[in-house]
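Please look at the sequence and the three-dimensional model before reading on.

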Amino acid sequence: MKFFIDTADLDEIREAMSWGALSGVTTNPSLYAKTGGKLADFEQHMVKICEICEGLPVSAESTATTTQEMVEEGKRLAGLAPNVVVKLPIGVESLAATKTLAEDGVAVNMTLVFSAPQALLAARAGARYISPFVGRVDDIGSDGVASLEEIVRCIHNYDFGHECEIIAASIRSPYHVTAAALMGADIATVPFGALKNCVKHPLTAEGLAKFEADWEKVKNA
Ligand SMILES: O=P(O)(O)OC[C@H]1O[C@](O)(CO)[C@@H](O)[C@@H]1O
């Protein structure tokens with residue numbers, strides 16, 4: 001399974017990229033809003049992310065509401081850098097936009113996916129990536145991992161005639177990451193904090209403290 005970072009924060013992206021384990025970035029309007037960025041600076045901000053992650057897929061979300069606007073905005077976003085992936089929320093308008101964009105060679109990440117039928121339709125329309133949410137399903141008292149597993153199994157059952165990867169999204173914990181990898185999700189997009197938590201383990205910290213204490217003894221012997 002590949003790791004993407006789920007943030008629009010340039011410092012977080014730079015730091016996580018330096019760890020050498022990232023394969024891409026996902027952003028959404030909420031994550032851009034969190035950076036304090038203005039509307040006028042949005043596209044340049046996406047360009048900066050694409051430069052930091054040269055060659056890796058960077059999802060930039062369209063906020064258009066009609067098929068025609070999504071296609072226009074999608075083409076503009078795709079023109080910002082060769083590694084831009086246009087993110088569209090699932091709906092009849094965005095399915096139609098995905099078809100057109102995919103035919104034009106623009107990679108689409110279909111987001112806000114919560115069910116297998118939504119995912120299957122997105123794949124049929126030509127989506128390069130599909131983003132089912134985990135954490136937000138847990139938030140409403142359902143089982144986000146079970147929902148993701150259903151979607152992964154349905155998508156992996158078929159050949160859609162084009163590459164189509166599942167991005168486990170709305171990931172909140174190392175447990176979500178393990179569950180996504182066990183079921184064969186292609187990618188997990190993980191916020192910076194949760195990504196750092198994935199590096200940690202209490203026994204690693206305990207083991208390190210012991211090594212350090214024992215080394216002090218060696219130095220003082
Ligand atoms: O529930 P959260 O943490 O807001 O996550 C929302 C998800 O939506 C996405 O836009 C899905 O593509 C990701 O950026 C993110 O993983």
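This is a predicted model: local features need pLDDT of at least 70, side-chain atom pairs count only at pLDDT 80 or more; totals for chains, interfaces and linings use all residues.

Residues are numbered from 1 along each chain as its sequence is written, and side-chain values use heavy atoms, with hydrogens and water left out.

Q: How are helix 5 and helix 6 oriented to each other, roughly parallel or roughly antiparallel?
A: Helices are DSSP runs of H or I with at least four residues, numbered from the N terminus, and axes are lines fitted to C-alpha atoms over the stretch in contact, with angles from 0 to 180 degrees between N-to-C directions. The axes of helix 5 (residues 92–103) and helix 6 (residues 116–125) come within 8 Å and cross at roughly 30°. Angles under 35 degrees count as roughly parallel and over 145 as roughly antiparallel, so helix 5 is, relative to helix 6, roughly parallel.

Q: What is the volume of the largest pocket?
A: A pocket is an open set of points on a 1 Å grid where a 1.4 Å probe fits, with protein on both sides within 12 Å along at least five of seven lines, and lining residues have an atom within 4 Å of a point. The largest pocket is lined by 29 residues, with Asp-6, Asn-28, Ser-30, Leu-31 and Arg-136 nearest its centre. Taken as the space filled by probe spheres set on the points, which are joined across faces, edges and corners, its volume is about 540 Å³.

Q: Which element gives the largest share of the lining of the largest pocket?
A: The elements that give two or more residues to this lining are strand 5 (108–113), a strand being an E run of at least two residues, and helix 2 (29–34). The largest share, four residues, comes from helix 2.

Notes. Angles under 35 degrees count as roughly parallel, over 145 as roughly antiparallel, 65 to 115 as roughly perpendicular and the rest as oblique.
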